[in-house]
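This report describes selected local features of a predicted model. It turns to individual residues and then to a helix and its surroundings.

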Amino acid sequence: MTDLPRAIKAHPLTLGGPHSAGCTLDYEGRFVRRKRLMTDEGWPFVVDLAQTTSMDNGSHFELDDGRTVMVHAAIEPLLQIKGDLPRLAWHIGNRHTPCQMAGDHLLIQRDPVIAHMLEHLNADVTEVMRRFCPEGGAYGHGRTLPHDHGHGAHDHGHSHAHPHEH
């Protein structure tokens, strides 16, 4: 893998001008630190970042040979949720489930347990194929990650109906 171009920097926004290539990744695949990837054009490269990074649709990698690779969110299986959106969003967030807000509906990754819970809350739950670009966490940029509920730098209160540990 050492002879492959290396992605040494990740940028949250696209640069002006053309990119050398694109790379289409699903939500899980856009969470990277060290990984071999293939561009949509068919050439491999290695991601070799200093820290794990959440790449959003439209962000890009800067390669050590000067090329740039734009990241595209892949179409993937999701659940579309309609109903009392504030209440449903609260229950989804209470389970630390990534969620994309889209005006008249919410999108989450397919999860039969969460789908069952939402149906019991009178949500209209439909399986769809879409790009998944959920909201980032309230305590920083990028993806929502598990956090400390009592002694960390992000100490904050929650009103949970269930006990849980992280």
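Asp-48 is located in strand S4, which spans residues 44-54. Its relative accessible area is 22%. Because buried means under 20% and exposed means over 50%, Asp-48 is classed as partly exposed. The side chain of Asp-48 forms a polar contact of 3.1 Å with the side chain of Arg-6. Not counting residues up to four places away in sequence, Asp-48 touches Arg-6, Ala-7, Ile-8, Arg-33 and Arg-34. Lys-35 is 13 residues from Asp-48 along the chain, and the C-alpha atoms of the two are separated by 7.0 Å.

Gln-80 belongs to strand S7. With a relative accessibility of 12%, Gln-80 counts as buried. Its side chain is joined to that of Arg-130 by a polar contact of 3.1 Å. Leaving aside neighbours within four places in sequence, the residues in contact with Gln-80 include His-105, Leu-106 and Leu-107, as well as Asp-124, Val-125, Thr-126, Val-128 and Arg-130.

Helix H2 covers residues 112-120, and its buried residues are Ile-114, Ala-115, Met-117 and Leu-118. Viewed down the axis of H2, these buried residues fall within an arc of 160 degrees, so they line one face of the helix. Pro-112, Val-113 and His-120 are exposed on the other side of H2. The partners against which the buried residues of H2 pack are strand S7 (75-82), helix H1 (85-94), strand S9 (106-109) and strand S10 (124-131).

Glu-119 also has its place in helix H2. Glu-119 is partly exposed, at 44% relative accessibility.

H2 is followed by Asn-122, which has a positive phi, near 65 degrees.

The accessibility values given above are collected here.

| Residue | Relative accessibility | Class |
|---|---|---|
| Asp-48 | 22% | partly exposed |
| Gln-80 | 12% | buried |
| Glu-119 | 44% | partly exposed |

Terms used: Residues are numbered from 1 along each chain as its sequence is written. This is a predicted model: local features need pLDDT of at least 70, side-chain atom pairs count only at pLDDT 80 or more; totals for chains, interfaces and linings use all residues. Side-chain values use heavy atoms; hydrogens and water are left out. Buried means under 20% relative accessible area, exposed over 50%, partly exposed in between (1.4 Å probe, protein chains only). Helices (H or I, at least four residues) and strands (E, at least two) are DSSP runs, numbered from the N terminus. The arc is that of the directions from the helix axis to the C-beta atoms. Contact means heavy atoms within 4.5 Å. A polar contact is a pair of N or O atoms within 3.5 Å; within protein, one must be able to donate a hydrogen and the other to accept it, and residues adjacent in sequence count only if both atoms are side-chain atoms.
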